[in-house]
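Please look over the model below with these notes beside it.

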Amino acid sequence: MPARLNAGDQTHSYREILKDYFRRGARWTSAPKPQLTDELFDPNFKLPEKGEEIRYILTEFEPVFDAADFFRCGRDLFVTRSNVTNAMGIDWLRRHLGDGYRIHEIKSRCPNPMHIDTTILPLGPGRLLINPEYINPDELPDILKKWDILVAPEPDPINDRILAITSMCGKWLSMNILAIDEKRVIVDPHHTNMMRQMEKWGYEPIPCSFLHYAAFGGAFHCATLDVRRRGTLESYF
């Protein structure tokens, strides 16, 4: 049973599950609701040019974060600061979780960072998928440097007129896959290079057409939440 759960309005569809966990002893947490006033945003923000230092539209007016900027491995959480997660938000979560968990910040070179799914992704104990444009392996937290670093292949071009107009995602949507165990991964069949590379790495890619979800800003990894879990909490570090 998860020790802590974060819930927002989007969780109403499985609220009965959360209440069941709570009755059985889980801790049910809601982060501070932000004011979202003008002070939270930099009025002079501009996307950085190539080679310039990454800038963020958020100020440190109040703590804000998206859970989609984090991934968790046992009692270790990894986060990228972004245009939806500021340093105060990371600090809030670090203090709230306390000494039982560790939070490690991952440096991203994404010019418009928002969510971690197309930047870096754990595929299982000791294996990490990285975006070669956004992640420098030498700058990873020390705790990850003993892991096998798998470099994502160049994405296949997607020639879809509707997606070109509506999608909030870049070309690296191919990284937004879902590992369901240590061998099987769900991949959109449009991302042929990713499927073939997964096979070379010893995985079994399961093709599932999901490309038009991209118009809403994501794919498998960010469209799922593993609420019901089996097994025990493990640490790989």
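1. Ser 82 sits in the loop that runs between strand S4 (76–79) and helix H2 (87–97). Helices (H or I, at least four residues) and strands (E, at least two) are DSSP runs, numbered from the N terminus. This is a predicted model: local features need pLDDT of at least 70, side-chain atom pairs count only at pLDDT 80 or more, and totals for chains, interfaces and linings use all residues. Residues are numbered from 1 along each chain as its sequence is written, and side-chain values use heavy atoms, with hydrogens and water left out.

2. Is Ser 82 buried or exposed? Ser 82 is buried, at a relative accessible area of 1% (buried means under 20%, with a 1.4 Å probe and protein chains only).

3. The side chains of Ser 82 and Asp 69 make a polar contact of 2.6 Å (a pair of N or O atoms within 3.5 Å, one able to donate a hydrogen and the other to accept it; residues adjacent in sequence count only if both atoms are side-chain atoms). Beyond four places in sequence, Ser 82 is in contact with residues including Tyr 56, Pro 113 and His 115 (heavy atoms within 4.5 Å).

4. The open sheet has 3 strands, ordered S3-S4-S5, with mixed pairing (pairing takes at least two DSSP bridges). S3 (70–73) and S5 (102–105) are the edge strands; each has a single partner strand, so one side of each lacks a neighbour in the sheet.

5. S4 and S5 run parallel, joined by 4 bridges. Asp 76 stands opposite Arg 102 in S5.

Terms used. Buried < 20%, exposed > 50% of the residue type's maximum accessible area, 1.4 Å probe, protein only.
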